[in-house]
Amino acid sequence: AKQRRTLRQVLLASGAVSLYQLALIEAGNLDALMVGRFRVIDRLRVTPKEAIYRVFDPSRGTGAGVHLLRHLSEAEMQDAVHPDEFRQRFAAARDAAHPNLAAVEDVLEIGGRPAVLQEWLTGLFSADWPAQAGHPGCWVRLATMAAAGIESAHRHGLVHGRLTSDSFVLTADGALKVTGFGEPPFLSQQPPPADLSVAADLRAFGQVLFGWSQLAAKQKRPGKPKPFPDALLAVVRRLEADAEPPMADTVAADRPYESATEVLADLQRAARDTGFSDDAWEKLLKYVADNAPDSPVGLKRSA
């Protein structure tokens, strides 16, 4: 016998509506299906500071599809500084646009409150990457893309302050994206960063790159793992180097990098001298495609 399914079940199974949309329809709250010009697919998170939605933007045509929309809360509008900080920081991130930065597509006003439209990003946080990411050729490609994103943000006057392995995402088509640049610190539920500076970002980037260099050791292979190339580790050491104390008699072996532009140039040079494995890269991208969660990675797990 054919199973009799309710209209509710048919609609959900078809993918025509999400559970969130259906709940609003059943409650008769049709107004909430739209936020400004955007069609709400799902409400992903609400904090006292903002609401975050998965939305469809009809003004961009069917191809442009789904985005992340963040809308400042009513309560935050009472703050003397936060609404302007929200607008200005996200606008700076929009202007720093780069293929290796998670895109801020629009900064707008909805219902008298600022909102930001961000790229819907799916992929895998670097903390979850497999051993192939630590293959020297893959490592230097990933590091170069990450440095290019950081360099663009820094050049536009943006400092991150919270770079960790969860700030770097690899998509299934092989693009690395740095997330979190331009995000106002007050939106985070964590305490503000102790050191908001280019130097602190570069040191944190060095720690992340060192972690990636250890990934290949995860591979269960007989025998001793091949040591990571010294030319690549030299970049990590310099990123992590301490600034010289003013009274130092000796010159530090590793002078810290002064800018991401310097780091990028060194990584590009190193990439030319590092063997690349298409096989390792393809395995890495297949792993990302098979393991990427459905939720957008812009919603950092630690937030």
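Reader: Which residue in β2 does Met 34 stand opposite?
Author: Met 34 stands opposite Arg 39. Keep in mind that this is a predicted model.

Reader: How many bridges join β1 to β2, and which way do they run?
Author: Two bridges, and the strands run antiparallel. β1 and β2 make a hairpin with two residues between the strands. Gly 36 in that hairpin takes a positive phi, near 60 degrees.

Reader: And what is the bridge partner of Arg 39 in β3?
Author: Phe 56. So Arg 39 has Met 34 opposite and Phe 56 as its bridge partner in β3, with strand pairing in general going through backbone hydrogen bonds.

Reader: What about β2 and β3, how many bridges there?
Author: Six, in the antiparallel sense. β2 and β3 also form a hairpin, with three residues between them.

Reader: Zoom out. What is the strand order in the sheet of six?
Author: The order is β1-β2-β3-β4-β6-β5, in an open sheet with antiparallel pairing. β1 (34–35) and β5 (104–110) are at the edges with a single partner strand each, so one side of each has no neighbour in the sheet.

Reader: How many bridges join β5 to β6?
Author: Six, and β5 and β6 run antiparallel. Glu 109, for instance, stands opposite Pro 114 in β6.

Reader: Which strands does α4 touch?
Author: α4 packs on the sheet and touches β4, β5 and β6. The direction of α4 makes about 155 degrees with that of β5.

Reader: And which strands does α2 lie across?
Author: Helix α2, residues 19–26, lies across β2 (38–46) and β3 (50–56). The angle to β2 is about 105 degrees.

Reader: Switching to rings. How many aromatic pairs are there?
Author: The count is six aromatic pairs. One of them is Phe 86 with Phe 90, an edge-to-face pair at 4.9 Å centre to centre, with 70 degrees between the planes.

Reader: Why are Phe 86 and Phe 90 separated by about one helical turn?
Author: Because they are four residues apart in helix α4.

Reader: Next, the other sheet. Which strands form the open sheet of three?
Author: The order is β7-β8-β9, with antiparallel pairing. β7 (124–125) and β9 (176–178) are the edge strands, each pairing on one side only. Two bridges link β7 with β8, residues 168–170. Phe 125 stands opposite Val 169 in β8.

Reader: Which helix packs on that sheet?
Author: Helix α5, residues 136–155, which touches β8 and β9. The direction of α5 makes about 35 degrees with that of β9.

Reader: Which residues are closest to the centre of the second largest cavity?
Author: Of the 20 residues lining that cavity, the closest to its centre are Ala 102, Val 104, Gln 118, Thr 179 and Gly 180. The elements giving two or more residues to the lining are β4 (66–72), α4 (82–95) and β6 (113–119).

Reader: How does the lining of the second largest cavity split by class?
Author: Twelve nonpolar, four polar and four charged residues.

Technical notes: Residues numbered from 1 in each chain as written. Predicted model: local features only at pLDDT ≥ 70, side-chain atom pairs only at ≥ 80, totals over all residues. Heavy atoms only, no water. 1 Å grid on protein atoms, 1.4 Å probe; cavity = no way out; pocket = protein on both sides within 12 Å on 5 of 7 lines; lining within 4 Å. Nonpolar A, V, L, I, M, F, W, Y, C, P; charged D, E, K, R; others polar. Pairing = 2+ DSSP bridges. Contact = heavy atoms within 4.5 Å. Axes fitted to C-alpha atoms, helices over the stretch in contact; angles between N-to-C directions. Phe/Tyr/Trp six-rings, centres within 6.5 Å; stacked < 30°, edge-to-face > 60°.
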